[in-house]
Amino acid sequence: MAAPDVTLTVADQAALDAALAELVADRFASRLHAHDATLWGPDAESEAAKRLSWTTLAESSRPLVAEVEALRAELHERGLDHVVLCGMGGSSLAPEVICAAAGVELTVLDSSQPDMVRTAIADRLERTVVVVSSKSGGTVETDSQRRAYEHAFTEAGLSPADHLVVVTDPGSPLDEQATQAGYRVFHADPEVGGRYSALTAFGLVPSGLAGADIGGLLDEAADATATLFADDAANPALRLGAALGVANRSSVDKLVLLDHDAGTAVAWGVGDWIEQLVAESTGKIGHGILPVVVESSHAVNVEPSTPDSFLAVSGSSDTPTSTSGWAAGVTGGLGAQMLLWEVAVSVAGALIGINPFDQPDVESAKQAARDKLSGGGDDEPGADLVEGPVSAFGTDASSLADAVEQLLAQVDDEHGYLAVQAYLDRWDLSAYAGLREQLARRTGRPVTFGWGPRFLHSTGQYHKGGPATGVFLQLTSDPHEDLAVPGRDFTFGEFIASQAAGDAQVLR
């Protein structure tokens, strides 16, 4: 695979050259590789000091390859060839992309929607190995999914210990639980944050068990390391990061992401992984870059784009035509591209003036959901409008059509964006993702689409911590049938409802 490279279209070459010269003079790239926690200022130093081991994962993760390959062979000998990943955010997005790029099957269960959980459990249970991934060991979605699978295996006369594999940080509650239960446990590097964990056990274990060439992935990152950490103005990661940062300073703060081969069998879907990396890393203290993942090179928000949008295509050196004058084409193997984007986002964070390694606003929605689930928090208001089977909240409109019009009218014509948040079964109701394109055409503004609760671990930080320019459309539904969470006093249906209500409360 060719070395990673970035082709840029630039609106302000002088500003970009000045930023690159400063980054090179400061030895930003080599200091990043050496885990220098002072690069983002004193306020970020304590968090950065325990989050920089991702820069050397191409070598430090190498021993995992043989371990994972041996376990895969053992599982296949026992007839376990269907891999399910239970995880959220950084624990699921990278494996999903890695397996898509490799063309191997991986079922990613990153939802608390009861119909999705039931569908996953009903699929080839006796042949299933479940990878339970949680950095903290306390992610409620993942814990609930684990409990549901343990119950299903037991009810089917199967031993959970034969079917469950755990990935977590050493010493986490999940680590202790899994060890006591006799599960196979892989420890991830505790000094790597979730969104930078693609090349840790979180990315490699489920992908390798599914059949992806994880050794090759590490090879791609290793081969790119010297280039991406060179103090050189030609360094593609420095160039991309500097472009994103300089553009952001000029209020070009939307990043439209597309695959060169989007809509074909060879598309990786890498935008969904970049989305979390960019949104959680940069969206805070009123600043940030909003990632907008689009369907194709002809999608609205690409053709046409808005003046505040930076266009980036993965897999092509041909940059899209951009109204803002800012665009990038990123090429290289997947392992190299992942490392390139991680470096670039770290650079952009420094130029924007934020700490790319914390997520200060994520906990607010989690706490609001816990309050709702326990019966605390504010009482839920009744529907403001009921029209047929649809109930609308947060509107004074007299019809559903008027309610939608009122909402869309709130999107600022110059800087605003609309975020569609669908707490639905994304397997059965995947067509709802088409709303993004329709609403982008209707508003003429950047529109994002996120499946709940998945997006809470991705763009949720930006929605609450980034610029206050968002308008939010939340979609919820009753499940076909609810599902108990074994050992808990709530159901999956109650849990996802509390997540939707909690996030809505915080966004208001």
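How far apart are Tyr-149 and Phe-153 in helix H8? I looked this up in a predicted model. Tyr-149 and Phe-153 are four residues apart in helix H8 (residues 140-155), so about one helical turn separates them.

**Entry 1: aromatic rings.** I noted a count of 11 aromatic pairs. In the pair of Tyr-149 and Phe-153, the ring centres are 5.8 Å apart and the planes lie at 35°, so I recorded the pair as tilted. Tyr-149 is buried at 1% relative accessibility, and Phe-153 is buried at 0%.

I then turned to Tyr-423 and Phe-455, an edge-to-face pair with 5.7 Å from centre to centre and 75° between the planes. Tyr-423 belongs to strand S13 (residues 417-423), while Phe-455 sits in the loop between strand S14 (447-451) and helix H18 (460-465), so this pair ties together parts 32 residues apart in sequence. Both Tyr-423 and Phe-455 are buried. I also found one aromatic cluster formed by Phe-28, Trp-40, Trp-54, Tyr-196 and Phe-357.

**Entry 2: two helices.** I examined helix H1 (residues 13-25) and helix H12 (residues 236-249), whose axes come within 9 Å and cross at roughly 125°. That angle makes H1 oblique to H12. The crossing is right-handed. Among the residues making the contact are Ala-15 and Leu-16 of H1 and Leu-238 and Arg-239 of H12. By class, I recorded 10 nonpolar, no polar and one charged residues in this contact.

**Entry 3: Leu-507.** I located Leu-507 in helix H19 (residues 492-507). Leu-507 is partly exposed, with a relative accessible area of 22%. Leaving aside neighbours within four places in sequence, I found Leu-507 in contact with Gln-421, His-463, Lys-464 and Phe-472.

Key. Residues are numbered from 1 along each chain as its sequence is written. This is a predicted model: local features need pLDDT of at least 70, side-chain atom pairs count only at pLDDT 80 or more; totals for chains, interfaces and linings use all residues. Side-chain values use heavy atoms; hydrogens and water are left out. Axes are lines fitted to C-alpha atoms, for helices over the stretch in contact, and angles run from 0 to 180 degrees between N-to-C directions. Angles under 35 degrees count as roughly parallel, over 145 as roughly antiparallel, 65 to 115 as roughly perpendicular and the rest as oblique. A crossing is left-handed if the near helix is turned anticlockwise from the far one by less than a right angle, and right-handed if clockwise. Contact means heavy atoms within 4.5 Å. Ala, Val, Leu, Ile, Met, Phe, Trp, Tyr, Cys and Pro count as nonpolar, Asp, Glu, Lys and Arg as charged, and the others, Gly among them, as polar. Buried means under 20% relative accessible area, exposed over 50%, partly exposed in between (1.4 Å probe, protein chains only). Rings of Phe, Tyr and Trp (its six-membered ring) pair if their centres lie within 6.5 Å; planes under 30 degrees apart count as stacked, over 60 as edge-to-face and the rest as tilted.
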